[in-house]
Amino acid sequence: MNEAFLQHVWKHRLFLNDELKTTDGQQVEVIHPGQVNSDAGPDFFNARIKLNGTLWAGNVEIHTQASDWNRHGHETDAAYNNVVLHVVRKSDQKIRNERGELVPALELNYPAQLELNYQELLQSDQWIACADRFHEVDFMVLQIRFHALMVERLQEKTKAVTDRLQQNKNDWNETFYQFLARNFGMKTNAVPFELLAQALPLPILAKHKNNLFQLEALLFGTAGLLNEQLLGDDYFLALRKEYAFLYKKYQLKPVEAHIWKFLRLRPVNFPTIRLAQFAALIHQSSALFSSLIELERLQDIRRLFQVQASEYWDTHYRFNKESSKRKKLLGDTTFQNLIINTVVPFLFVYGEYHNQQALKDRALAFLEQIPAEANSIVSNWEKLGVEVRSAFDSQALIQLKNCYCNPKKCLNCHFGAKLINQAAASGNKMTDE
């Protein structure tokens, strides 16, 4: 049995309380198990333990075997000198701290059913480990948990943004531009779009903001898509000629054309169309990120993103191949994806970075105004009876699936932990206690 399980038993006081004694015969009374320590050092801080009636305040360390203390090097680490109780599944040797003092050990006993419940979840090969018992979930409690999951999901994205901010010398506009470009590529062409944005800095595009043709030349050229063939129609050749000048002027280094993916994409999602729409967005917007910070209504942000590809693309999906006429507008689904994956995380991170709670609240509110995403994760949750009402819900469920269900972190999941704590034969509904 692993340490995570033993920590769970200790934290929730699921051990058998009758006649608790250390291995050297001292009576044990657990006044408080302590607070979980997620950093280096003992597993629990500020525990309060009575040994033979004497109250001790200090730390608790958990191991499957007592000898793990030495294997982990705690006998030479002064950070473990304040451990008042060593909680183990099996005490296979006496251990001492860095001062040479014996550390009292308690062999942890708990109902066998707890371990059986845990192993059942770990060994499950269902879509989620608790799928066959998920009907026991109180869905009102699940809805309440969505907020914590959603905040957790956004906080996880903070590091990616702050790391890139550091690389960009705290330039929020450049960083937002790079993340926006990545998400313009959707899942399939996210990496090529991101590489393009890094190869073509925003200040260069800003110099040509008022000339859509030059913006397209810069984007298509740096994307490597103007070198696919020597001959083409007038528009293609004109773009290539314009890019040849801009390429030398700014000493640009194009990305490789072969990294762009067209296969199995709907034509409206071809990278050529997305690049043309991206050029149109840059052309018609001014200080886009600053504007987004100021706008409080989602419909106002939608107006910023009401763009369409230039006239050439009305009759093309790829260069030099005509198609039936259709305006290439940035659709609602794409807009919603950009809000979910770019605008909302940046508002949240910016709010956290500058201690502006109103921006963080606005980010969460935007998610509640957007329809839930349509993907396999969401549809499988719906099959389990979960009502997914908005992108707020779908994002929370994606977090639950990817960060708890997939790695089988049932001990850290509110609902998995309740299943583990129950007797298998119990028919009780999972609710908050």
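Predicted model: local features only at pLDDT ≥ 70, side-chain atom pairs only at ≥ 80, totals over all residues.
Residues are numbered from 1 along each chain as its sequence is written, and side-chain values use heavy atoms, with hydrogens and water left out.

Searching the whole structure gives twelve salt bridges, a salt bridge being a side-chain nitrogen of Lys or Arg within 4 Å of a carboxyl oxygen of Asp or Glu.

Let me begin with E136 and R133, whose closest N and O atoms are 2.9 Å apart in a salt bridge. Both E136 and R133 are buried, where buried means under 20% relative accessible area, exposed means over 50%, and partly exposed lies in between, with a 1.4 Å probe and protein chains only.

The next pair is E352 and K360, whose side chains form a salt bridge at 3.6 Å, N to O. Here E352 counts as partly exposed because its relative accessibility is 30%, whereas K360 counts as buried because its value is 14%.

Then there is R389, which forms a salt bridge with D393, and for this pair the closest N and O atoms are 3.1 Å apart. R389 has a relative accessibility of 52% and therefore counts as exposed, while D393, at 2%, counts as buried.

Finally, which residues are linked in a network of salt bridges? They are R164, R182 and E194.
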